[in-house]
Amino acid sequence: MKEATKKKKPVTSIGVCSDASISASGASFVYLITGLSLAVGFWVARNKFSVDLVSNPSLTLCLLWSIEFPIVIFVYSFFRRSPEKFSYFRALGRSIIGLFSGAFMNALGAIALGAPIGTQYLPKTIHWSFLMSVFTFVPATAVFGASWTDWHRVFASMKPSGNIEYMIFSPAYGAIIGGWFGAWPMPLDWERPWQEWPICVCYGAIGGYIAGQIVSLSVMFFLRKHNKNLKLA
Amino acid sequence: MTTDMTCTRLTIYTVAGIILQIIGLSIFVFGFFPVKPTLSGVSGSESYRDPFCDSPPNSKESEIHPEKLRLLYQELSGISSKYDRLILMVIDGLPAEFVLGKDGQPPWKVWKESMPYTQSLLANGDAIGYHAKAAPPTVTMPRLKAMVSGAIGGFLDVAFNFNTQALLDDNLLGQFFRIGWKMVMLGDETWLKLFPGTFMRSDGVSSFFVKDTVQVDRNVSRHLPNELNRDDWNLLILHYLGLDHVGHTGGRNSPLMASKLQEMDDIVRTMHLRAIDDRSHDQGQTLLIVVSDHGMTENGNHGGSSYEETDSLMLFIGLSSNISDYAAATNNLAFQVDLAPTLALLFGVPIPKNNVGVLVPGTLNSLRDYEKLRALELNSWQLLRLMQAQLPSSLFEGFSCNCFLDGTCEGLGSDISECSGDKEKQLICLFRNAAVLHGIWKSKKLTESSAVEDFSRALNAYNAFLKPASEWLASKTTEKPVYLLGLGVSAMLISCIVCVTVFLSLFKEVYNDSKDRICSLSNLLSLEEGFILAVLLILVISMGSSSMVEEEHYIWQFMVSTFYFLLLLKTIKSFSFSKGLNILGDYKVGSIFSLLISGRLLRGWHQGGVNWTCLPDISKWLEQVGSGYVKWIQLISNFLVIGLGMFTLFRTGSKRKTVRILTFSSSTCGFLVLLHAGRYGDDMFEVSTDYGATVIAKLIYLILSLSAIGAASVLPWCMLIKDKSFLAEAGDCLYLIGAVYILCWCLLQLLLQQPINSGPILLLLIQILAITGLSSKDLQVKEWVEIAALYYMGMAGHFALGNSNTLATIDVAGAFIGISSHSTILSGILMFMITYASPLLFLLSLVMYIGAKLRNHSHSTIMAHRANDLGQLLKLTLGFPCLVPLCINSILLTAYTVVLLLMRNHLFVWSVFSPKYLYVCATTLCTYIGVCIVAVIVAYTLSVTTFLRSNTTTRRLVCS
C-alpha cells in the first residue's frame with residue numbers, strides 16, 4: 001500500500017491530458033461547473049425573472065437549458081475524440097445539431113411514454129426536451145461526433161471505457177431514469193401544483209443527473225484504485 | 001433425470017394449484033362479502049302471533065281488500081294508531097351534527113343560527129332528534145333501502161344489482177301499499193327506481209348535475225304548497241339533494257351551506273305549520289320525520305365508514321312527547337335501521353321481515369302501558385324469527401306456542417334467571433326473561449291495581465333483549481368470519497407458491513439445458529427479465545394506494561411503453577455496424593415503432609380512471625367532431641381488421657382449401673358486422689328490439705363459432721405436407737388456428753363494442769401482429785419474458801378500451817346484442833366478453849405465438865431430439881405459455897387479497913377496493929379461460945400431428 005501511495009500521480013489542476021482522457025478530480029471539477037450552472041439557472045429564474053418551475057415551467061426550463069447548454073458544450077468539447085482531426089469549433093457546431101436532434105428524440109420518447117399532447121403543453125414539452133437533450137445528447141455529440149460505433153458501445157451496449165465515457169454515460173442514463181421515476185406522482189390525486197407535466201419529471205431528471213454524476217465519480221475512484229492494485233499485482 | 005418434471009407431473013401440479021386457488025378464492029369471497037341471510041317473503045298477519053305458534057300460511061291475505069287488511073292488522077296488533085299521515089323528509093347528506101351537535105355540545109353557531117325554527121322545535125320539546133348511525137357504504141341507494149326495510153345489505157347485493165334496481169325485499173313502502181295507502185314522492189328519482197309503480201304522484205329529480213345546488217331543490221319545493229293543501233295522500237316523501245351537492249362542491253364549510261340549511265329550515269317550518277298545527281282540514285294527525293341518508297366528511301364526500309359520514313339525522317316532529325329539555329331532545333343515539341320498525345308499529349303495519357332495527361324508545365311515550373309492551377313484544381318476536389333462521393333449533397328447546405302467557409313452557413320455570421354463557425344462549429335467555437316478565441305483568445294487571453314495578457321490569461327486560469339482539473343480527477350481516485378469511489388467504493398463498501415453484505423448476509430445466517451454464521449464471525437476469533419482475537413488484541405495491549387503484553391504467557401503459565423502449569434498446573444493441581444496417585434490423589425497429597405509436601394512441605383513446613376523466617382524449621374529441629368520423633373509423637378499422645387477418649392467414653403460404661373456406665367465412669362475417677353497424681349502429685339502445693339486427697348478430701355468432709371450432713378441429717388433420725419437418729407442420733397449423741381465433745375474436749368485438757372502440761380493436765390487432773412478428777424474428781428475449789409482456793399488453797389494452805376499476809364503466813348496452821329474450825346468463829357472458837376483450841385477445845394470440853415459435857425452432861437440435869416424445873414436446877411448447885399468465889395472475893390475486901384484508905377498515909374499502917377486487921376475480925376467470933383454450937388447442941393439434949406422423953412412418957416402413 002505504501003508503494004501505491006508513492007506511485008500516486010500528483011493531480012493536475014484540470015486534468016486534461018493529451019489523449020483527451022480526464023482524471024477523477026478533473027471530472028469532479030466538470031461536474032462542479034455543470035452543477036453550478038444549473039444552480040445559476042435556478043437563481044436567475046428566481047431572482048431576475050421571479051418565476052420557478054411550478055409557476056412558469058416553460059420560461060424556467062428555457063432559462064435552465066440556455067444557461068446550461070453553453071457551459072456543457074464548452075467543457076465537453078475539450079474532450080472530443082481525435083482532436084487532431086476535428087477542431088474545437090467543429091465540436092461546438094456539431095453539438096448544436098446534437099441539441100436539436102436530441103431534443104427531438106427526447107420529446108418523442110416522452111410522448112410515447114404518455115406525455116400529454118396539446119397546444120398548452122407544447123412549449124413545456126419542447127423546453128423540457130431541450131433540457132433533457134443537454135443532459136443526454138449534447139455531451140455525447142460533443143465528444144463522439146458522428147462516430148456511431150462509440151455511440152453504440154456506450155449507449156446501447158452500455159460498455160463505457162475510460163473516465164470520459166463514464167462521464168457521458170452515467171449522468172445521461174441517470175437523467176433518463178430519474179425522469180422516468182419522476183413521472184410516478186403525476187397520476188396521484190394529491191392535487192399539488194407540481195404534479196403537472198413536466199414539473200416533477202424535471203425534478204426527477206435533475207436529481208437523476210446529479211445522482212449519475214455521483215455514481216460515475218465513485219466508479220472512477222473505485223476503478224483507479226482497482227487499476228492501481230492490478231498494476232501492483 | 002429424476003429432477004426433471006415430466007409433463008404429467010407438471011400438469012397435475014398446475015391443475016392442483018389452480019383448483020386450490022379457486023377454492024381459496026371462493027372461501028375468501030364468501031367470507032369477506034357475506035351473503036345476507038334473508039327470510040324470503042313478506043310479513044303478514046302471522047307477525048302478530050308468537051313465533052313458536054304454527055300459524056297456517058295465510059295465502060289469502062294478498063287477496064283481502066286493502067282497507068280490510070288495515071283493520072285486520074290494527075285489530076291484531078292491539079296498538080291504536082294515533083297518526084293517519086306521514087311526511088318523510090329526506091335531506092341528502094345532512095350530518096346530524098349540524099342539527100343536534102356533537103358529544104352533548106350544541107351545534108356550531110353558524111349551523112344553529114341557520115335553522116332557527118328547527119332549533120326552537122327541539123328546545124320546546126315538539127321534536128326529538130337522534131344521531132342515527134348509518135352502516136357503510138354510505139351511499140344513497142343502499143341507505144334508503146336500509147331505512148325502509150330495516151336490513152343492512154351486503155356489498156355484493158349492491159354490486160350485482162345494476163340489472164334491476166327495484167327493491168324486492170319486504171319493506172315499509174310495500175306494506176303501506178298493501179294496506180291501501182296513497183303515496184306521493186317528490187325529489188331524488190332513486191325512490192322511483194326502487195319502488196316502481198308504488199307512488200300515486202311523483203316528480204323525480206336527478207342527482208346527475210352535482211354543480212346544481214339550487215334548481216334541484218326548487219323542483220321539489222314547487223309542489224309542496226299544493227300537496228299540503230290536498231288530503232288524498234297518506235305518505236309524502238320529500239327528498240332534497242341540494243345539501244349533498246353543496247357538500248360535494250364545497251365541503252362542510254361551503255359558503256352556500258348556511259343558506260341551504262336556512263332553506264331546509266323554511267321547509268320544515270312550512271310543513272309543521274301547515275300540516276301539523278293547522279287543524280282546519282279534516283286530514284287527521286300528521287307525523288313529520290326529517291331524516292338524512294348519510295353524513296359527509298370535511299370535504300363533503302361520503303361512502304366510507306368514518307363518524308362524519310355515518311352520523312345521519314333522524315328527527316321526529318309532532319310526537320306528543322313530554323320532553324322539555326334541549327339536551328334530552330338532541331343527545332340520543334339510534335341506528336338508521338331503527339326507522340323501519342318504529343314506523344311500522346306507529347302506523348300499524350307488520351315489521352318488515354329482515355329488519356334488524358329496534359323501536360326508537362322516544363316514540364313510545366305517547367302510547368299506553370300495555371301498548372308499549374305489546375310494541376316491544378312484536379319487535380322482539382320479529383327479531384327472534386330472524387334469529388331462528390340463523391340458529392340451530394336445539395337452542396329453542398322448550399319454547400312452545402304462547403307458553404309464556406300460560407306459564408307452561410317446558411323446563412323453563414316462570415322465574416327469571418341470570419343470563420350467561422355464549423352470545424346466542426344469552427340472547428335467548430334474555431328474551432325468555434322479557435317474555436316471562438311480560439306474562440307476569442299481564443296476569444297481574446287484571447287483579448292488582450299497582451303494577452308499575454312489574455311494568456318497568458318488563459320494559460327493561462325487553463330493552464335488554466332488543467339492543468344486543470339487534471347488534472348481534474347486524475354483526476351477522478357485516479362481520480367477517482376470521483377463520484374463513486384465513487383459510488382462503490392461506491389456500492391462495494399455497495397455490496401461488498405451487499405455481500411459482502412449478503414455473504421455476506421449468507425455468508431451470510429449460511434455460512440450464514439450452515445454454516451453457518456459465519453464460520446463464522453470469523447474467524442470471526437480463527434487463528428485460530428484471531423489468532418484468534419489477535413491474536410485478538410495482539403493481540403489487542401500487543395496489544395498496546387507493547388513488548393508484550383508481551388510476552391503474554397509467555401504470556400498465558407506462559410500463560408497457562417502457563418495455564417497448566427496452567426492446568428498442570435490445571434491438572439497437574444487436575446491430576453490428578461493421579455490416580451496416582441490415583434489413584432484418586430495420587424491420588424489427590419498424591415493428592417496435594409501430595408498437596410504440598399504437599400504444600400511445602391506445603393510451604390517448606380513453607382518459608380512464610376516476611380523477612382525470614374530464615381531460616380531453618381521442619374518443620371525446622371524435623364524438624365532439626361528429627358521429628360521421630366515428631362511422632369512418634369503424635369502417636376503416638373493420639376493413640383493416642379483415643385485411644390484416646387475410647394477410648396473416650395467407651402469409652403461411654398454404655393455399656389449401658380449408659384456408660380459403662376460412663377466409664371466405666371470416667370475410668362474410670366482416671361484411672355482416674359492417675352491415676349491422678351501418679344499419680343498426682345508431683340506435684344502440686333499441687337494438688334488442690329490432691328483429692333484423694338480432695338475426696344478423698345471431699348469424700355472426702354462428703359463423704364465428706363454426707369457423708373457430710371448425711378450424712381448431714379440422715386443420716390439424718389436413719395439414720400434412722410431406723416435404724416439411726413434422727414440427728414445422730405443427731407450427732404452421734397452430735399459427736393458422738391462432739390467426740383464425742384472433743380474427744374471429746376481433747370481428748366479434750367489432751360487433752359487440754361501442755363504435756368508438758373499433759379503433760382500439762384495430763390497434764390491438766396491430767400490436768399482436770407486431771409482437772408476434774418480432775418474436776419470430778429472433779428478438780433474443782427469453783420466451784417467458786415475451787409471454788409476460790403479452791399479458792401486460794393485454795391488461796394495458798383492457799384499460800385502453802375504456803374500462804376502469806369502478807363498476808360504472810361496464811358496457812351494459814352491448815350485452816343485449818343478438819339476444820332476443822331477456823337472459824341474465826347470456827347477457828352476463830356477453831358483458832364479460834366485452835369487458836375482457838383485450839386480455840382474452842392477447843391470451844388467444846398465444847396460440848399463434850406458439851405456432852410461430854415452433855416453426856422457427858423446428859430445425860433446432862434441442863427441439864428435434866425431444867420431439868419424439870409427445871409429453872416432452874408439450875411441456876416445452878405449452879409450459880411457459882400456460883404457466884406465466886397463471887403465475888402472474890396468481891401473484892396479483894394473492895397480493896390484492898392480502899391488501900384487501902389489510903384495508904378492510906379503510907375509508908374507500910367499499911368504493912375503491914371492493915370493486916377492484918371484483919375486477920381481479922374476473923381477471924382470474926379470464927386467465928383461466930384463456931389458458932384453458934390455449935392448452936386444449938395446442939395439445940390437440942400436437943397429438944393429432946404426432947399421431948399422423950407415426951401413421952405415415954409405419955406405413956412407409958411397411959411399404960419398404
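This is a predicted model: local features need pLDDT of at least 70, side-chain atom pairs count only at pLDDT 80 or more; totals for chains, interfaces and linings use all residues.
Residues are numbered from 1 along each chain as its sequence is written, with chains lettered from A and ligands numbered from 1 in the order in which they are written.

The largest nonpolar core has 208 residues. Such a core is a set of buried Ala, Val, Leu, Ile, Met, Phe, Trp, Tyr and Cys residues joined through C-beta atoms within 7 Å. A residue is buried if 20 or more other C-beta atoms lie within 10 Å of its own, exposed if 12 or fewer, and partly exposed in between, with C-beta atoms placed from the backbone. Ile737(B), Ile742(B), Leu747(B), Tyr792(B) and Val847(B) have the most contacts inside this core. Its largest share, 21 residues, is supplied by helix α31 (residues 726–752) of chain B; helices here are DSSP runs (H or I, at least four residues), numbered from the N terminus. A second, separate core of 118 residues includes Val90(B), Leu173(B), Val205(B) and Ala329(B).

Helix α30 (residues 691–714) of chain B packs against α31(B) at an angle of about 165°, the axes being 9 Å apart. Axes are lines fitted to C-alpha atoms over the stretch in contact, and angles run from 0 to 180 degrees between N-to-C directions. The two helices, α30(B) and α31(B), are therefore roughly antiparallel, the term for angles over 145 degrees. Residues are in contact if their C-beta atoms, placed from the backbone, lie within 7 Å. On the α30(B) side the contacts include Leu704(B) and Ala708(B), and on the α31(B) side Ile737(B) and Leu747(B). By class, this contact has 13 nonpolar, one polar and no charged residues; Ala, Val, Leu, Ile, Met, Phe, Trp, Tyr, Cys and Pro count as nonpolar, Asp, Glu, Lys and Arg as charged, and the others, Gly among them, as polar.

Leu76(B) lies in helix α2 (residues 66–77) of chain B. Leu76(B) counts as partly exposed because it has 17 C-beta neighbours inside 10 Å. Its C-alpha atom is separated by 9.4 Å from that of Gly348(B), 272 residues apart along the chain.

Between the chains, 16 residues of chain B are in contact with 13 residues of chain A. On the chain B side, α25(B) gives the largest share, eight residues.

Conventions:
Angles under 35 degrees count as roughly parallel, over 145 as roughly antiparallel, 65 to 115 as roughly perpendicular and the rest as oblique. Two residues are in contact if their C-beta atoms, placed from the backbone, lie within 7 Å.
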